[in-house]
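Hi,

Here's the structure I said I'd pass on to you.

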Amino acid sequence: MSKNKKIKAGLNTTLTHSAYLAPEQFSALPMAIHHASTVLFKDVAAMRARRWQDKSAYTYGLHGTPTSFTLEARLAEIEQGNHCLLAPSGLAAITLIDMALLQTGDDVLIPDNVYSPNRELGDWLSRSFGIKVRYYHPLIGAGIADLIQTNTKLIWTEAPGSVSMEVPDIPAICAAAHAKGVLVAFDNTWSAGIAFAAFEHGVDIVIQALTKYQSGGSDVLMGAVITQDATLNKRLQEAHMRLGFGVGMDDVYLVLRNLPTLKLRFDAHDASARKVAAWLASRPEISRVLHPAFPDCPGHEIWQRDFTGAGGLFSVIFDARYSEAQTDQFVNNLKLFKIGFSWGGACSLCLPYRIKQMRQDWPHDGILIRFNIGLEDTEDLIADIEQALASIL
Ligand SMILES: *Cc1c(COP(=O)(O)O)cnc(C)c1O
């Protein structure tokens, strides 16, 4: 058969193999969405020479494509880290850290105000995996030194707690931890990695729920684990592979697409939230505003010292004369604020929490309600809250 004569292939073969190659040198602003499970090697030797850990090339879809490598690099840059691993949710990112760094017999310290699924995970690790989990008061600061044992391997931190809003002294906790060779993991979701420079304040590992501000669309679940240290990243990377934490490239694209507006959106949420919080602080129905930029919030002075912004999430405590039935009525009667978990999207959200059931000790009697201030006009949000307060019977 002469070389220039086409092989006569069956239709199924033609449907799978095409000789067409699109012209090279296409250039456009958006990152391409590179979907792949299978990644191709030019020959067997190239396949054998590849190491999946090495991110200068590609091995298998689970370990990434140009699309996910780009998001990882950009997130590391935003956090001033050197390495980033993507996980299928923020909670998966938290799980990855525990699985990578803890083993039977180890001890881990978790703040009492932690994102509650992190606590669920901790309880599971202690029930079923022989890992000792202890909870500490979020405002413990340097006092954490007294809790560190020889088998303590990891201290979880979060600033502020995403329901009760206490702002912990992260530098003090990190200094005490490092003096005893303990790693500190920090959940930086509240400040989106742009209002708190976690590594500068001493943290070893940062997690982000990209589901919140980075996505911004209330449509993606994704998490990131970011580090500066290559050895630490290697331990996390091994666990990431063993757990099989892949992410979908369409979702990665959605996050990449919204990154350029991250700070603009965060600042808009922040400005509006402070106005709504200030208005709520003036209301007789509200006994406390738990917003880190307000003096009522435990750890406010630490927020002032360490943070450059606040975003859209804060809580209030209703006066103790209101029953849960009444505050439920308030939440139900809001029109612009929807009832739902998560935050960081354009739509304002509101949720009541049964916080006494979530915490070892909680000093307030009034009902806690959390607001996520979206991107609607602030006056309309305030008017909505005003009518819902007036509707309480
Ligand atoms: C939402 C959230 C997470 C988990 O993110 P998911 O993607 O929903 O799993 C973790 N930490 C904090 C503080 C969060 O708000």
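This is a predicted model: local features need pLDDT of at least 70, side-chain atom pairs count only at pLDDT 80 or more; totals for chains, interfaces and linings use all residues.

First, the layout. The protein chain splits into domain 1, residues 44-261, and domain 2, residues 262-390. Their C-alpha centres are 26 Å apart, and 38 residues from domain 1 and 38 residues from domain 2 take part in the contact.

How much area do the two domains bury between them? It comes to about 3200 Å², with 61% of that on carbon and sulfur atoms. On the domain 1 side, look for V163, W190 and Y213: they supply 24% of the area that domain 1 buries against domain 2, more than any other three residues.

Domain 1 and domain 2 have 17 residue pairs in polar contact between them. If you sort the residues on the side of domain 1 that touches domain 2, you get 19 nonpolar, 14 polar and 5 charged.

Now zoom in on the charged pairs. Side chains of opposite charge can pair when their charged atoms come close. The structure holds 18 salt bridges, and here are some to find on screen:

- D169 and R305 meet through their side chains, at 2.7 Å from N to O.
- K153 and D106 form a salt bridge at 2.9 Å, N to O. This pair links distant parts of the chain, 47 residues apart: K153 is in strand β4 (residues 152-158), while D106 is in the loop between α4 (90-101) and β2 (107-111). K153 is partly exposed, at 36% relative accessible area, whereas D106 is buried, at 5%.
- E238 and R242 have their closest N and O atoms 3.3 Å apart. Both sit in helix α7 (residues 230-243), 4 residues apart, or about one turn of the helix. Which of them is buried and which exposed? E238 counts as buried, at 18% relative accessibility, and R242 is exposed, at 64%.
- D267 and K263 make a salt bridge with the closest N and O atoms 2.5 Å apart. They lie about one helical turn from each other because they are 4 residues apart in helix α9 (residues 262-281). D267 is partly exposed, at 34%, and K263 is partly exposed too, at 48%.

Cheers

Definitions and conventions:
Residues are numbered from 1 along each chain as its sequence is written. Side-chain values use heavy atoms; hydrogens and water are left out. Domain bounds come from an automatic or database domain assignment. Contact means heavy atoms within 4.5 Å. Buried area is the accessible area (1.4 Å probe) that two parts lose on being put together, summed over both. A salt bridge is a side-chain nitrogen of Lys or Arg within 4 Å of a carboxyl oxygen of Asp or Glu. A polar contact is a pair of N or O atoms within 3.5 Å; within protein, one must be able to donate a hydrogen and the other to accept it, and residues adjacent in sequence count only if both atoms are side-chain atoms. Ala, Val, Leu, Ile, Met, Phe, Trp, Tyr, Cys and Pro count as nonpolar, Asp, Glu, Lys and Arg as charged, and the others, Gly among them, as polar. Helices (H or I, at least four residues) and strands (E, at least two) are DSSP runs, numbered from the N terminus. Buried means under 20% relative accessible area, exposed over 50%, partly exposed in between (1.4 Å probe, protein chains only).
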